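Please set each value against the cut-off it has to meet.

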Amino acid sequence: MEWIRHTDMDEAPFASVFALYEQSFPLHEQRFAAHQAQAMGDPRFFCESVWENGELLALLFSWRLEDLCYVEHYAVNPALRGGGLGSKILREFCQREGKVVLEIDPLVDEISRRRKGFYERLGFCANPWPHAHPPYRRANAPHELIVMSWPHELSREEYDRFYRALAREVMAYAEH
């Protein structure tokens, strides 16, 4: 597997990565392309894709924030899901990064419950702190999510630091 960090949306392989991004996340969880391009210029933002033999396996967009790494977006190529590839990539990422935080949808259906189980099997812990992700687009409201962290639950102080960084740094590249 080869990890590629993208810093420019005009790079040839990034078109495939951005197509997977648009396919994998609802509009209210996506940046406008112009804001994505701005974020890619931030040295704390790692817009990475994983490839093997010329095939896009996954995308993983993350932020290095103080003492943790925030996974903003993670998606596996739909044709390759269900075979353990997603676990392998995320396990490698966590080992590389140390403390990792991500968000998942509230547990409202079987898909959301399975997604939580996927992360728990990798060692992620659901955190008890109420959490609403700020909107990427002005027309949307904040949306409730569950914060999961690896390798342990966040203290209230760690969660508060994470949320401040999310609101100030990550969301600086959203529509205001």
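**Labels and the values behind them**

Q: Leaving aside neighbours within four places in sequence, which residues is N127 in contact with?
A: In this predicted model, N127 is in contact with V147, M148, S149, E153 and L154, once its neighbours within four places in sequence are left aside. The label rests on heavy atoms lying within 4.5 Å.

Q: Why is N127 called buried, and where in the chain does N127 lie?
A: Buried means under 20% relative accessible area, and N127 has 8% relative accessibility, so N127 counts as buried. N127 belongs to the loop between strand 6 and strand 7 (132-133).

Q: What makes the approach of the N127 side chain to the backbone of C125 and of L154 a polar contact?
A: The cut-off for such a pair of N or O atoms is within 3.5 Å. A polar atom of the N127 side chain lies 3.2 Å from the backbone oxygen of C125, and a polar atom of that side chain lies 2.6 Å from the backbone nitrogen of L154.

Q: How do you know that the span of helix 4 agrees with what its residues should give?
A: Helix 4 (residues 110-121) has 12 residues, which at 1.5 Å a residue should span 16 Å, and because its end C-alpha atoms are 16 Å apart, the two values agree. The expected span takes one less than the number of residues.

Q: Which residues of helix 4 are buried, and why are they said to be on the same side?
A: S112, K116, G117 and Y119 are buried. They cover an arc of only 165° around the axis, and therefore they are placed on the same side of helix 4. On the other side of helix 4, R114 and R121 are exposed. The cover over the buried residues of helix 4 includes strand 4 (68-76), helix 3 (85-97), strand 5 (100-104), strand 6 (125-126) and strand 9 (146-150).

Q: What makes D109 a cap of helix 4, and what follows helix 4?
A: A side-chain oxygen of D109 lies 3.3 Å from the backbone nitrogen of I111, and in this way D109 caps the N-terminal end of helix 4; the cut-off for a polar contact is within 3.5 Å. After helix 4 comes G123, which has a positive phi, near 100°.

Q: Why is strand 4 described as largely enclosed by the rest of the structure?
A: Nine of the nine residues of strand 4 are buried, and therefore strand 4 is largely enclosed by the rest of the structure.

Q: How do you know that strand 4 pairs with strand 3 and with strand 5?
A: Pairing requires at least two bridges. Strand 3 (residues 55-65) and strand 4 run antiparallel and are joined by eight bridges, with A58 standing opposite V76 in strand 4. Strand 4 and strand 5 pair in the parallel sense over two bridges, and C69 has V100 in strand 5 as its bridge partner. The hairpin of strand 3 and strand 4 has two residues between the strands, and E66 there takes a positive phi near 45°.

Q: What makes R96 and E48 a salt bridge, and how is each of them classed, buried or exposed or in between?
A: The cut-off is a side-chain nitrogen within 4 Å of a carboxyl oxygen, and the R96 and E48 side chains meet at 2.8 Å, N to O. The pair links distant parts of the chain, with R96 in helix 3 and E48 in strand 2 (residues 45-52), 48 residues apart. R96, at 39% relative accessibility, counts as partly exposed, whereas E48, at 6%, counts as buried.

Q: Why is the pair of K99 and E158 said to tie parts of the chain together?
A: The side chains of K99 and E158 meet in a salt bridge at 2.6 Å, N to O. K99 lies in the loop between helix 3 and strand 5 and E158 in helix 5 (residues 156-168), so the pair ties together parts that are 59 residues apart in sequence. K99 is buried, with a relative accessible area of 16%, and E158 is buried at 14%.

Q: Why are R161 and E157 said to be separated by about one helical turn?
A: R161 and E157 are four residues apart in helix 5, which means a separation of about one helical turn. R161 counts as buried at 19% relative accessibility, under the 20% cut-off, and E157 counts as exposed at 56%, over the 50% cut-off. Salt bridges that share partners join E66, D67, K99, E157, E158 and R161 into one network.

Notes: Residues are numbered from 1 along each chain as its sequence is written. This is a predicted model: local features need pLDDT of at least 70, side-chain atom pairs count only at pLDDT 80 or more; totals for chains, interfaces and linings use all residues. Side-chain values use heavy atoms; hydrogens and water are left out. Buried means under 20% relative accessible area, exposed over 50%, partly exposed in between (1.4 Å probe, protein chains only). The arc is that of the directions from the helix axis to the C-beta atoms. A polar contact is a pair of N or O atoms within 3.5 Å; within protein, one must be able to donate a hydrogen and the other to accept it, and residues adjacent in sequence count only if both atoms are side-chain atoms.
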